[in-house]
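Visitor: I would like to learn how to read a fold feature by feature. Could you take me through one?

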Amino acid sequence: MTAVYLGASLAILLAASVGLVIVRPRSMADRMLAVQLIGSSVVAVSLLLSVATANAALIDVALLAALLAAFSACALRVSTASPSRPPE
């Protein structure tokens, strides 16, 4: 069964890398989606490897990766936001 989990994690990594190469994010929306794709892939691979190797520490890695992916998407959005006008 561990071979299935390892194969699935390899397939997820391959799909994410092919998706990023094909899309080549140019606009900020594409970059934000690329960040989310990488974050989701890391979470999925970490959870699959956790089950395959019976290593509970990888679950914590997956949770941390999910948190960092969400914060990085928010930071990317804030960094590209147009500055607000000062009150008149």
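Visitor: How many helices and strands does the protein have?

Guide: The general idea is to take helices (H or I, at least four residues) and strands (E, at least two) from DSSP runs, numbered from the N terminus. Here the protein has three helices and zero strands, and from the N terminus on the order is α-α-α. Please keep in mind that this is a predicted model, where local features need pLDDT of at least 70, side-chain atom pairs count only at pLDDT 80 or more, and totals for chains, interfaces and linings use all residues. Residues are numbered from 1 along each chain as its sequence is written, and side-chain values use heavy atoms, with hydrogens and water left out.

Visitor: What span should the residues of helix H2 have?

Guide: The expected span of a helix is 1.5 Å times one less than its number of residues. H2 covers residues 28-53, so its 26 residues should span 38 Å, and the end C-alpha atoms, 37 Å apart, agree with that.

Visitor: At what angle do H2 and H3 pack?

Guide: Axes are lines fitted to C-alpha atoms, for helices over the stretch in contact, and angles run from 0 to 180 degrees between N-to-C directions. H2 and H3 (residues 57-80) pack at about 175°, with their axes 8 Å apart. H2 is therefore roughly antiparallel to H3, a label for angles over 145 degrees. By class, their contact has 17 nonpolar, seven polar and two charged residues; Ala, Val, Leu, Ile, Met, Phe, Trp, Tyr, Cys and Pro count as nonpolar, Asp, Glu, Lys and Arg as charged, and the others, Gly among them, as polar.

Visitor: Which residues of H3 are buried?

Guide: Buried means under 20% relative accessible area, exposed over 50%, and partly exposed in between (1.4 Å probe, protein chains only). In H3 the buried residues are Ala62, Ala65, Ala69, Ala73 and Leu76, and they pack against H2. An α-helix has 3.6 residues a turn, so residues three or four places apart point the same way. H2 has its own buried residues, including Ala34, Val43, Val45 and Leu48. Of the 88 residues of the protein, 18% count as buried.

Visitor: Where is serine 9, and which residues does it touch?

Guide: Contact means heavy atoms within 4.5 Å. Serine 9 sits in helix H1 (residues 2-23) and, at 5% relative accessibility, counts as buried. Not counting residues up to four places away in sequence, serine 9 touches Val45, Leu48 and Leu49.

Visitor: And what is leucine 37 in contact with?

Guide: Leucine 37 belongs to helix H2 and, at 34% relative accessibility, counts as partly exposed. Leaving aside neighbours within four places in sequence, leucine 37 is in contact with Ala16 and Leu20.

Visitor: What is the phi of alanine 54?

Guide: Most residues other than glycine have a negative phi. Alanine 54 has a positive phi of about 55° although it is not a glycine. Alanine 54 lies in the loop between H2 and H3 and counts as exposed, at 72% relative accessibility.

Methods:
Angles under 35 degrees count as roughly parallel, over 145 as roughly antiparallel, 65 to 115 as roughly perpendicular and the rest as oblique.
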